[in-house]
Amino acid sequence: MPSSHTAIRVAGLHKSFRMPRQRVHTFKERALHPLRPTRYDELRVLRGIDFEVREGEFFGIVGRNGSGKSTLLKCLAGIYGVDGGTIEIAGALSPFIELGVGFNPDLTARDNVALNAVMMGLTPRQARARFEEIIAFAELERFTDQKLKNYSSGMQVRLAFSLMVQSDPDVMLIDEVLAVGDASFQQKCIDVFHRLRDEGKTIVLVTHAMAMVERFCHRAMMLSDGHITHIGDPAEVGRTYMSENLHSARDDRGAIRGEEVRLRDAWVSDAGGQRVDTIAQGEPMRLHVAIEAIALVRGPAITIWLTNEDQVRVFSVGAREDGGGALADLEPGERTEFTVELHNPLSAGRYYLGASVTRGSAGLDVLLLRQRAADLLSYGADLYGLVAVAHVQSLTRTRSREAVA
Ligand SMILES: Nc1ncnc2c1ncn2[C@@H]1O[C@H](COP(=O)(O)OP(=O)(O)OP(=O)(O)O)[C@@H](O)[C@H]1O
Ligand SMILES: [Mg+2]
């Protein structure tokens with residue numbers, strides 16, 4: 001649980017970049033116009049940002065590409081100077097994690113770890129002692145003496161993340177570590193996030209993965225056009241982000257009509273294959289979505305879920321093909337039906353079948369989103385909790401002698 005102490009306080013933060021408007025491209029141009037002044041455009045990335053993060057809080061930052069998330073973290077980390085406003089941070093800050101930052105590509109992993117560990121405040125002796133752990137966590141034992149420039153981006157992030165965790169700071173700033181890791185490393189990061197959260201670390205996490213925001217963050221905020229457009233409940237921020245991060249038209253039922261894929265149909269059927277809108281607890285049921293590609297869609301992901309009346313997602317299933325989450329490209333005109341078969345686990349109540357088609361590693365590009373593609377009523381004796389679980393129970397009664405006497 002976050003404490004009442006403030007770990008990070010940002011007030012009136014402004015940050016701009018100066019972008020040269022015209023470039024001298026050739027030697028000839030340079031020779032002809034040696035003194036032509038370079039003119040600059042001002043890119044105002046952060047335009048007055050105010051927020052606080054409490055100690056022990058897991059705080060998410062979301063926003064579209066280029067909305068200034070990394071810039072904000074770099075300002076917090078002191079890598080960028082600010083043009084206005086103040087930043088206060090209580091406690092030791094982890095170095096900023098981003099691809100390559102802080103690493104020297106011409107040194108081996110071993111030397112980089114030694115260098116970074118010392119920069120993070122470990123003594124050389126502590127650094128050596130932790131080296132093995134850092135490498136083991138990153139699973140890079142076979143590559144310790146390789147220069148970092150020969151590391152893949154995923155390997156670099158593993159090393160940086162591992163280093164950060166081992167340096168045990170009070171405040172961690174994390175930028176998109178999950179996007180480049182493979183599935184097993186992602187799971188490891190998730191385990192670490194759980195632990196850090198329980199230990200009461202203050203963590204600022206930039207991510208495009210809304211599931212991470214909902215799962216881990218106590219609060220989240222969304223940046224757009226240089227401002228904080230939403231701050232507060234992570235599920236709400238996640239939903240806002242999802243629905244605003246769509247380059248498609250919205251119809252009158254709040255659905256996203258994609259320009260690349262469309263939803264042909266979504267329905268629930270019973271064991272006999274009949275379409276139904278009510279289903280008894282424990283009965284076999286199937287959830288279906290049928291989509292059609294309008295244009296070529298590369299590496300799509302299809303997800304289907306059920307939400308209850310409080311908009312809580314009860315479960316969610318992603319379509320898999322050949323073990324991976326992304327599917328083979330959809331050709332224009334190609335139709336795909338995705339079916340999930342299960343026994344109805346739902347508490348009695350009303351549910352909505354939702355479906356999305358996304359693209360990109362973190363589901364960044366939402367091509368189609370429908371929160372209420374079909375309605376479903378579940379009925380039975382279980383009324384409480386989200387799901388009715390299959391279970392075995394026992395009840396033992398004993399009477400103590402004193403009570404009898
Ligand atoms: N060092 C820099 N010099 C000039 N412009 C920069 C610099 N760093 C960032 N920018 C610009 O500032 C804007 C915000 O970039 P930033 O990297 O903070 O976005 P982001 O929200 O992290 O995006 P992404 O989701 O793609 O990581 C972009 O327009 C980017 O081009
Ligand atoms: Mg970024």
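Modeller: Let us begin with polar contacts. A polar contact is a pair of N or O atoms within 3.5 Å; within protein, one must be able to donate a hydrogen and the other to accept it, and residues adjacent in sequence count only if both atoms are side-chain atoms. An oxygen atom of ligand 1 lies 3.2 Å from a polar backbone atom of S67. This is a predicted model, in which local features need pLDDT of at least 70 and side-chain atom pairs count only at pLDDT 80 or more, while totals for chains, interfaces and linings use all residues. Residues are numbered from 1 along each chain as its sequence is written, chains are lettered from A and ligands numbered from 1 in the order in which they are written, and side-chain values use heavy atoms, with hydrogens and water left out.

Colleague: Which polar atom of G66 is 2.8 Å from an oxygen atom of ligand 1, a backbone or a side-chain one?

Modeller: It is a backbone atom of G66. For N65, by contrast, a polar side-chain atom is 2.9 Å from an oxygen atom of ligand 1.

Colleague: How much of the accessible area of ligand 1 does the protein cover?

Modeller: Accessible areas come from the Shrake-Rupley method with a 1.4 Å probe; for residues, only the protein chains shown count as cover. Ligand 1 on its own has 630 Å² of accessible area, and the protein covers 65% of it.

Colleague: Which elements give two or more residues to the shell around ligand 1?

Modeller: Helices (H or I, at least four residues) and strands (E, at least two) are DSSP runs, numbered from the N terminus. The elements in question are β1 (6–20), β2 (40–54) and α2 (69–76). The largest share, three residues, comes from α2. A residue is near a molecule if one of its heavy atoms lies within 4 Å of it. Of the 14 residues around ligand 1, G66, K69, S70, T71 and H208 come nearest.

Colleague: How is strand β3 placed, buried or exposed?

Modeller: Buried means under 20% relative accessible area, exposed over 50%, and partly exposed in between (1.4 Å probe, protein chains only). Six of the six residues of β3 (residues 58–63) are buried, so this strand is largely enclosed by the rest of the structure.

Colleague: Which way do its side chains point?

Modeller: In a regular strand the side chains alternate between the two faces of the sheet. From β3, F58, G60 and V62 point one way, and F59, I61 and G63 the other.

Colleague: What is the order of the strands in the open sheet?

Modeller: The five strands run β5-β6-β3-β7-β8, with mixed pairing. β5 (171–175) and β8 (227–232) stand at the edges with a single partner strand each, so one side of each is left without a neighbour in the sheet. The twist averages 15 degrees from one strand to the next.

Colleague: Where is N308 placed?

Modeller: N308 belongs to strand β14 (residues 300–308) and counts as buried at 10% relative accessibility. A polar atom of its side chain lies 2.9 Å from the backbone nitrogen of D310.

Conventions:
Pairing = 2+ DSSP bridges. Axes fitted to C-alpha atoms, helices over the stretch in contact; angles between N-to-C directions.
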